[in-house]
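Please look over the model below before reading on. The notes that follow go point by point.

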Amino acid sequence: MSEKKKRTPAWDGNKAGTAEKTGKAETAEKVVKAGKAGKAGNVVKAGNAGNAGNAEKAEKVVKAGKAVKAGKAGKTSGRRGLNYAYLDEDGKRLVRRALIKAVCVPGYQVPFSGREMPMPYGWGTGGVQVTASIIGPDDVLKVIDQGSSDTTNAVSIQKFFRKTAGVEVTEKTSAATVIQTRHRIPETPLKSGQIMVYQVPIPDPLRFLEPREGEAAARHANREYGILYVKLYEDITRHGEIASSYDYPALVNARYAMSPSPIPRFDNPKLHMSPALHLFGAGREKRIYAVPPYTSVVSLDFEDYPFRPAKSGRACELCGSETSFLDEVITGDQGERIFVCSDTDYCAGRREKAADGEKETRGGG
Amino acid sequence: MLLQENHPSAMTEPLIRAEGITKRFGDILAVDGVDLELYPGEVLGIVGESGSGKSTLLNILSGALPPSSGELFYRGRDGTVRDFFKIRERERRFLLGSDIGFVHQDPAAGLRLKVSAGANVAERLLSGGLRRYGEARLRASEWFSKVELPLDRLDSRPEEYSGGMRQRLQIARNLVTGPRLVYMDEPTGGLDVSVQARVLDLVRSLSSEFNLAVILVTHDLGVARLLTERLLVMKNGRVIERGLTDQVLDDPGEPYTQLLVSSVLGGA
């Protein structure tokens with residue numbers, strides 16, 4: 001799947017330097033991998049690879065497990081001094097530990113000591129840390145903001161990882177191995193092996209109902225989710241239906257209530273028994289949680305007011321899809337508006353297909 | 001007493017029995033070795049001046065505050081008696097959400113002021129696993145009638161309620177799960193006298209209708225006389241006198257109780 005980028009990424013300087021010194025490109029490759037895996041054994045190799053003849057520095061390398069710094073120890077100073085995928089190896093390691101725990105206990109919010117990222121909170125620092133911790137040079141990254149890959153946030157994050165991790169980026173859902181997202185899950189069904197990374201603002205679904213952190217934790221621990229139903233009760237009483245349209249709470253693996261981040265409730269059913277791995281990162285709140293592949297995710301509801309995904313009833317004006325989630329777009333000063341697919345890749349794919357003369361199948365993906 | 005005759009079998013065993021409840025805050029001994037028993041359907045009053053430890057005691061009994069030492073034996077619906085402080089937290093929380101109620105002096109502490117009154121009443125049912133909106137709403141409105149709240153205010157938020165209405169709502173919210181025991185901390189504390197009388201009346205009638213055991217903390221001896229059958233008088237964290245309410249108030253044995261009683265009469 002990998003197609004090496006033409007541009008040399010920042011971290012590549014280190015790698016190249018190491019390779020020069022040892023004269024073994026293979027070892028250098030290992031070094032980078034070692035850094036990724038954070039394996040002590042490989043790290044020792046990394047130290048050797050750097051072979052600075054500086055025992056003290058080599059020691060440091062072994063301790064820190066910072067494989068890429070090995071290059072530095074070898075006095076082949078990297079151009080920027082940036083670590084692979086920006087985040088330092090210790091930082092990645094602690095994120096990965098949290099991720100493992102999160103996968104083991106689906107829906108449970110694992111605390112982690114998140115790092116500062118070169119972007120403000122609210123712009124996806126949690127998601128970026130998760131992506132930085134799992135991404136490798138062979139990955140193909142897609143970033144979604146509001147369903148689209150060409151909005152500001154998506155473009156910046158793509159650029160960030162192209163620069164710091166040298167990965168290939170794509171807009172195609174089917175071509176991506178890692179998809180970082182805010183607001184949407186792609187319309188194209190996800191496959192086994194793909195990883196979704198969500199940028200989460202408020203990880204705890206109980207937050208606004210039970211502001212006391214300790215009490216909220218106790219409620220999670222004892223699976224006391226009555227207050228979430230109070231919220232639904234209130235919705236029905238006020239609006240005649242469950243009006244929460246995004247960040248709709250769901251019960252994961254019949255145990256933990258989870259906030260699926262600000263995706264529309266339209267997307268909630270896509271989480272249920274999904275073949276992909278879903279990772280959620282909240283940077284400001286410093287929480288990580290996960291939905292492993294093929295895990296049940298059930299949106300909360302009442303028996304007499306069952307969960308309904310959406311109520312659009314319209315078709316996309318561009319591709320004609322009646323099943324995808326639509327955005328309302330203002331097209332003129334007189335209030336003219338059209339409804340188009342929020343998932344731009346899905347929409348474009350359908351239009352391409354139609355243009356190819358293939359028979360358009362409704363709701364096909 | 002009235003209720004004893006109705007429930008002769010229940011009178012044989014107490015609902016709760018506390019032994020040697022003690023609470024220290026640093027050097028301060030807030031509650032000092034309190035023993036008490038409460039029988040099903042009985043209203044027990046705890047009186048004493050501010051700082052005598054009565055609210056602390058109530059917080060301990062209701063599981064909100066861990067005691068420094070002491071035991072609280074709780075007889076479950078199945079008849080088994082266990083130490084309330086030693087059962088698993090999940091079970092304790094379950095009991096506190098179903099079998100035990102707590103009416104706070106400040107309704108804001110016991111209600112969700114920002115969600116509708118109906119949702120406030122329904123919350124304990126929903127927490128108990130009820131998953132039908134229609135039924136939750138129906139049972140909320142039934143309890144609205146029982147505590148004499150106007151049904152057309154079912155969807156209003158308690159922040160729009162008067163003090164007396166909030167207190168009624170708090171009572172409905174606690175009783176909707178049919179608890180056997182309700183703790184009340186100065187339930188009529190901030191209310192004017194006429195509203196106070198109606199709320200007290202309500203507590204008395206509900207207590208007898210549902211065979212509810214109540215521990216009522218108050219500094220108001222008038223409230224104690226009206227509502228309670230037995231009385232504990234606390235001073236400096238200790239129970240200094242106990243007995244039938246009329247006996248204690250009409251013929252106090254301890255000088256402190258005499259003072260308490262006479263100060264009420266003097267003030268009235």
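1. How many bridges join strand 1 of chain B to strand 2 of chain B? Seven bridges join strand 1 (residues 16-25) to strand 2 (residues 28-38), and the two strands of chain B run antiparallel. Strands here are DSSP runs (E, at least two residues) and helices are DSSP runs too (H or I, at least four residues), numbered from the N terminus; two strands pair if DSSP finds at least two bridges between them.

2. A word on the source. This is a predicted model, in which local features need pLDDT of at least 70, side-chain atom pairs count only at pLDDT 80 or more, and totals for chains, interfaces and linings use all residues. Residues are numbered from 1 along each chain as its sequence is written, chains are lettered from A and ligands numbered from 1 in the order in which they are written, and side-chain values use heavy atoms, with hydrogens and water left out.

3. On confidence, the model scores ipTM 0.87 and pTM 0.80. Chain B has a mean pLDDT (the predictor's confidence in each residue, from 0 to 100) of 90, with 94% of its residues at 70 or more. Over residues 1-10 of chain B the pLDDT is below 50, and this stretch has ten contacts (heavy atoms within 4.5 Å) in the model beyond near neighbours in sequence.

4. Back to the strands of chain B. Strand 1 and strand 2 of chain B form a hairpin with two residues between them, and B:G26 in the turn has a positive phi of about 65°. B:R17 stands opposite B:E37 in strand 2 of chain B.

5. In helix 9 (residues 213-221) of chain A, the residues A:E215, A:A216, A:A218, A:R219 and A:H220 are buried, meaning under 20% relative accessible area, where exposed is over 50% and partly exposed lies in between (1.4 Å probe, protein chains only). The buried residues of this helix pack against helix 10 (226-239) and strand 7 (256-258) of chain A, and against helix 3 (89-98) and helix 5 (117-127) of chain B. Just after helix 9 of chain A, A:R223 takes a positive phi of about 50°.

6. B:R166 is found in helix 7 (residues 163-175) of chain B. B:R166 and B:L113 are 53 residues apart in sequence and 9.2 Å apart in space, C-alpha to C-alpha.
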